[in-house]
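I opened this notebook to record what I looked up about charged side chains. The entries follow the order in which I went through them.

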Amino acid sequence: MTGADVMAKCLEAENTRVVFGYPGVAICPFFDAMSNTDIDMVLVRTEQNAGHMASGYARSTGQVGVCAVTSGPGATNLLTGIATAYADSIPLVCISGQVETDQLGSDVFQEADVTGAAESFVKYSYLIKDVKDIPRAFKEAFHIANSGRRGPVLIDVPADIQKAQIQSFKYPEEVSLRTYKPTVKGHIQQIKKAVAELTKAKRPLICAGGGVFLSDAQDELQSFVERHRIPLVTTMMGIGVLPTGHELNFGMIGNNGCIQATRAMSECDMLIMVGARVADRAVKQPDLIMEHKVLVHIDVDPAEIGKNVGPTIPIVGDAKYVFKDFDTIDFDIDTSEWVDTLKGYRKLPGGRKVPEGYIDPADFVKSLSTAMDEDAIYVADVGQNQIWSCRNVNVKKGRFFTTGGMGTMGYAIPAAIGAKIADKKRQVVAVCGDGGFQMSMCELAVLKQEELSVKVVVLKNNYLGMVREFQHFNLNDNYEMVDLPDYPNLKYLAKAYDMDYIRLDKKEEQADAIKDFLSEKGSALMEVVIDPLDTVRYASH
Amino acid sequence: MKKIYSVLVENRSGVLSKVSGLFARRCFNIESLAVGETDDPNVSVMTIVSSGDMRTIEQIEKQLNKKLDVIKVKTFDEDMSICRELMLLKVKYNKSNRREIMEICDAMKAEIVDMSRNLMIIQICDRPERTKMLIKLLAQVSIVEIARTGTLALSKCENE
């Protein structure tokens, strides 16, 4: 048996169902061994997207997403995928081929020190120098990736190690890592303290982040929120922890958030942050906004607590366990007045004016997501399209994916493909701008190759809209490096990839177009023509 | 505020770069860093002297603990610890200043450990502020080379 056989067996032992990857000489022994397994192999078009597909897969299933690439450029191409997963705390195991052990450090063809390059954005990495270490490294990697604060783990395997012979395979049953024992159960005294503060609070608020999904705590959170009628806001990564139409969900906070969420944040007298890291885009001046408030910060990563703002009551633990413990304590609070105030903010005047011949992206997102299946997955890319999506998406029992941490353009299509492969029965829609779309449109080929039905929307404004908007507000309309001419022609492009194509530029056709688009049997591409000069700023919910 | 971090780490290849890389990437300051094996050959100890405001100091400890190769972090103040630094100084001397250099060494409890016709190596093992003082005192002599361990520290027995 070879090292590559052992790697394949490790993935079988971890119940890996699919590997996203791209070959090269240094990873070929591994791919060769994988042909003896039942694990699906998905050939991507560029390595970065193997990382994003694994991310979409992991977010949809809660299991570790796996990708495999070759050494040198294969590995460096994957770095953006790894960094994106790290910023968004997504569990991945990334396998890279490496040059032969005796050539390490000699700058041979396709050699790159990938463990060194990735060090600051992996949870951990391995450079395997002995074939006997493979099972332990894989066992640890899967455990590390999908426990505590989730994140990517990199395993770099030199080609000679993949080819090396080994007598037998034994997968370790347990992980023994003396340096890694994440605290999942919150300290009960801290939880009691938080409850004591809650009973005193007049205007309590919960702010939920992506960590709630990662610990699969949506149900626990919802029952807590409903039982005590505590209003909730979310970060970008937390959209959909409660259905967006839930009466106690007041939307996304932050500089791109909705008015009622922002007001809730500034007016509450007690804030429970859970699975959210108080990042700059969510809370601009943490110390200022937290003045005169009781702050409870719940996070599985102790380093996040107190990093950007000093909490009154820190609770280190996994959200699911913490809310289960909250649930064991009886207490009564009356928030009816506060909830009514917040509901009033929903009615604040807003409204958008869109010129003739263009579709209003905010209204389009609302209609599209409302027409989607109950459990559908909506994947937003990065840029203006993302902000319109975040503010207007209607998440029912489904999910909303986007990269809130890293903001990597081109994320939506590969992440949607990963999510579709995770569950082919589930409706998956990717919404991009014309910039992000062109960063990963090569992956449309994968849709056909894997016989997937993914719906792709391009909100087309012939600009890199978010940057153009920045230049509009900050650089006196000096539109430099943001023009996207009308190429590629999306109609022909859809034809080239054998996809159905729909163009939408008339408001009155919107409802029917969305209906047709979602009911297409195969993959479909929808071009939505929007006003090039539209901005997300000042545009209200 | 100055802090000393005594960090037990797995003695694996790349661990020094992981820890020093963490300081660089998060813009934490390193005043000195010393590494050596412990009584257990699988474990090394890093003694890192750093400084920063309260939040930085707390973050350093938390981020160190987050590294999977870090076994244990002990953080303490200088006055809670016994600190020593070993320093070797190669200096150029001549007839006119030889006497003075020897007097300085005497006063500082430094030792001359090697000598040629015009060069000598002075060794001092003392508290970091005293090694600094010796450099200052020998500044008028021409210092050719310096090698120092950086601060080594253990928290005082009474604090255990």
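This is a predicted model: local features need pLDDT of at least 70, side-chain atom pairs count only at pLDDT 80 or more; totals for chains, interfaces and linings use all residues.

The entries below concern salt bridges and a charged surface patch.

**Entry 1. A pair across chains.** I turned to R178(A), which forms a salt bridge with E10(B). The closest N and O atoms of this pair are 2.8 Å apart. R178(A) sits in the loop between α7 (159-163) and α8 (188-200) of chain A, and E10(B) in strand β1 (residues 2-10) of chain B, so the pair joins two chains. I then checked the exposure of each partner. R178(A) has a relative accessible area of 44% and is partly exposed, whereas E10(B), at 8%, counts as buried.

**Entry 2. A pair within chain A.** Next I looked up E374(A), and found that it forms a salt bridge with K397(A), with 3.9 Å between the closest N and O atoms. E374(A) belongs to the loop between α15 (361-371) and β13 (377-380) of chain A, and K397(A) to the loop between α16 (384-392) and β14 (399-401) of chain A; the pair therefore ties together parts that are 23 residues apart in sequence. With a relative accessible area of 43%, E374(A) is partly exposed. K397(A) counts as exposed, at 65% relative accessibility.

**Entry 3. A pair within chain B.** I recorded a salt bridge between K3(B) and D77(B), whose closest N and O atoms lie 2.8 Å apart. This pair links distant parts of the chain: K3(B) is in strand β1 of chain B and D77(B) in the loop between β4 (70-76) and β5 (81-92) of chain B, 74 residues apart. K3(B) has a relative accessible area of 15%, and I list it as buried because the limit for that class is under 20%. D77(B) counts as partly exposed at 23% relative accessibility.

**Entry 4. A network.** Which residues join K66(B) in a network of salt bridges? I found R149(A), D301(A), E304(A) and K307(A) linked with K66(B) in this way.

**Entry 5. A surface patch.** Finally, I looked up where negative charge gathers on the surface. A patch of negative charge there is formed by E356(A), E508(A), E509(A), D512(A) and D516(A). I followed up one of these residues, D512(A). D512(A) is found in helix α22 (residues 510-519) of chain A.

Technical notes:
Residues are numbered from 1 along each chain as its sequence is written. Chains are lettered from A and ligands numbered from 1 in the order in which they are written. Side-chain values use heavy atoms; hydrogens and water are left out. Patches are made of residues with over 30% relative accessible area and no salt bridge: like charges are joined within 9 Å, nonpolar side chains (Val, Leu, Ile, Met, Phe, Trp, Tyr) within 5 Å. Accessible areas come from the Shrake-Rupley method with a 1.4 Å probe; for residues, only the protein chains shown count as cover. A salt bridge is a side-chain nitrogen of Lys or Arg within 4 Å of a carboxyl oxygen of Asp or Glu. Lys and Arg count as positive and Asp and Glu as negative; His and the chain ends are not counted. The place of a charge is taken as NZ of Lys, CZ of Arg, CG of Asp or CD of Glu. Helices (H or I, at least four residues) and strands (E, at least two) are DSSP runs, numbered from the N terminus. Buried means under 20% relative accessible area, exposed over 50%, partly exposed in between (1.4 Å probe, protein chains only).
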